[in-house]
Amino acid sequence: MLTFLRSLLFSAGMLVTVIAYGALVPLVAVFPFQRRYAFTRHWARLNLRWLELTCGVYYRVIGRENLPDHPVVVLSKHQSTWETLVFQELFPPLVWVMKRELLWLPFFGWGLAMGRPIAIDRGAGRRAMEQMLSQGKQRLDDGLWVVIFPEGTRMRPGERGRYRPGGALLAVHAGVPVLPVAHNAGELWGKRQFLKRPGTITVAIGEPISTSGRDASDVLKDAQEWIENTQAGILPAARCRALGTSAKN
């Protein structure tokens, strides 16, 4: 019951911030990208702190020293809404590759639209891939990171989906490395689950994977092996008493 009440309090607070920040989007949208991004990043950080306060969900980072000082394509496990918040705190300004339907959501979608996302029609086949490669290279050339969930959807802890080649193709096409990321957020904030369980999420960041002179399939294979092997090592550790570990650790 306590977990339910704390989850309800978090959800209510998050909804309030979505509406409040979303209502300000028409005013913020006229500013340059960096200021728009700072606005949405502030919203993400606010909700991460609210999650810690209400639900006792903290996180720790392994491999922070692997973060490069230049744009990359991030290939990450997708288990939860949580990583879409924390990536905005952990990484430099980034854009998402997402299904375009998300932009149609009231308030939340308006905020997404300000962030120069690569919003694709999954049913468009080859045209969607061409759009992703073209717009993705443009974003990378502009100094932005690109985040792609190669399995295409949220997976439950321990599950593995088919890794799609789009992210690796973009990295090879743009001549930038791939940054593999693993985490166990799904143990505390699961797929389509209302309850947020207290504990400490582990985010693991691997060494950048070079794409120079390499085939996209080989790059994808290396990223998948690192992510899945790392997942196996961190999955059992999240559901424990919150130890006060935060983004500063």
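This is a predicted model: local features need pLDDT of at least 70, side-chain atom pairs count only at pLDDT 80 or more; totals for chains, interfaces and linings use all residues.

Me: OK, so is Phe10 buried or exposed?

Reply: Phe10 is buried, because its relative accessibility is 0%.

Me: Which ring does Phe10 pair with, and how are the two planes set?

Reply: Phe10 pairs with Trp189. The ring centres are 5.5 Å apart and the planes sit at 80°, so this is an edge-to-face pair.

Me: And where do those two sit in the chain?

Reply: Phe10 is in helix α1, residues 2-28, while Trp189 is in the loop between β6 (178-183) and β7 (199-205). The pair therefore ties together parts that are 179 residues apart in sequence.

Me: What about Trp189, buried or exposed?

Reply: Trp189 is buried too, with a relative accessible area of 8%.

Me: How many aromatic pairs does the structure hold?

Reply: Eleven aromatic pairs. Ring pairs also join Phe87, Phe91, Trp96, Trp145 and Phe149 into a cluster.

Me: Back to α1. At what angle do α1 and α2 pack?

Reply: About 170°, and the axes of α1 and α2 (residues 33-55) are 10 Å apart. That makes α1 roughly antiparallel to α2, because angles over 145 degrees fall in that class.

Me: Next, α6 and α7. How do they pack?

Reply: Helix α6 (residues 166-174) packs on helix α7 (residues 216-234) at about 125°, with the axes 8 Å apart. That angle makes α6 oblique to α7, and their crossing is right-handed.

Me: Which residues meet there?

Reply: From α6 you have Ala168, Leu169 and Val172, and they meet Ala216, Val219 and Leu220 of α7. By class that is six nonpolar residues, with no polar and no charged ones.

Me: What does α6 do with α5?

Reply: The axes of α5 (residues 126-141) and α6 come within 9 Å and cross at roughly 50°. The two helices are therefore oblique to each other, and this crossing is right-handed. Among the contact residues are Met129, Met132 and Leu133 of α5, along with Leu169, Leu170 and His173 of α6. Leu169 also takes part in the contact with α7.

Me: What's the class count for α5 with α6?

Reply: Seven nonpolar, four polar and one charged.

Me: Changing topic: which residues have a positive phi although they aren't glycines?

Reply: Phe107 is one of them, with a phi of about 65°, and Arg192 is another, at about 55°.

Me: Where are they found?

Reply: Phe107 is in the loop between β3 (94-99) and α4 (108-114). Arg192 is in the loop between β6 and β7, where Trp189 also lies.

Me: How open are their side chains, then?

Reply: By residue, Phe107 is partly exposed, with a relative accessible area of 27%, and Arg192 is exposed, at 65%.

Key. Residues are numbered from 1 along each chain as its sequence is written. Side-chain values use heavy atoms; hydrogens and water are left out. Axes are lines fitted to C-alpha atoms, for helices over the stretch in contact, and angles run from 0 to 180 degrees between N-to-C directions. Helices (H or I, at least four residues) and strands (E, at least two) are DSSP runs, numbered from the N terminus. Angles under 35 degrees count as roughly parallel, over 145 as roughly antiparallel, 65 to 115 as roughly perpendicular and the rest as oblique. A crossing is left-handed if the near helix is turned anticlockwise from the far one by less than a right angle, and right-handed if clockwise. Contact means heavy atoms within 4.5 Å. Ala, Val, Leu, Ile, Met, Phe, Trp, Tyr, Cys and Pro count as nonpolar, Asp, Glu, Lys and Arg as charged, and the others, Gly among them, as polar. Rings of Phe, Tyr and Trp (its six-membered ring) pair if their centres lie within 6.5 Å; planes under 30 degrees apart count as stacked, over 60 as edge-to-face and the rest as tilted. Buried means under 20% relative accessible area, exposed over 50%, partly exposed in between (1.4 Å probe, protein chains only).
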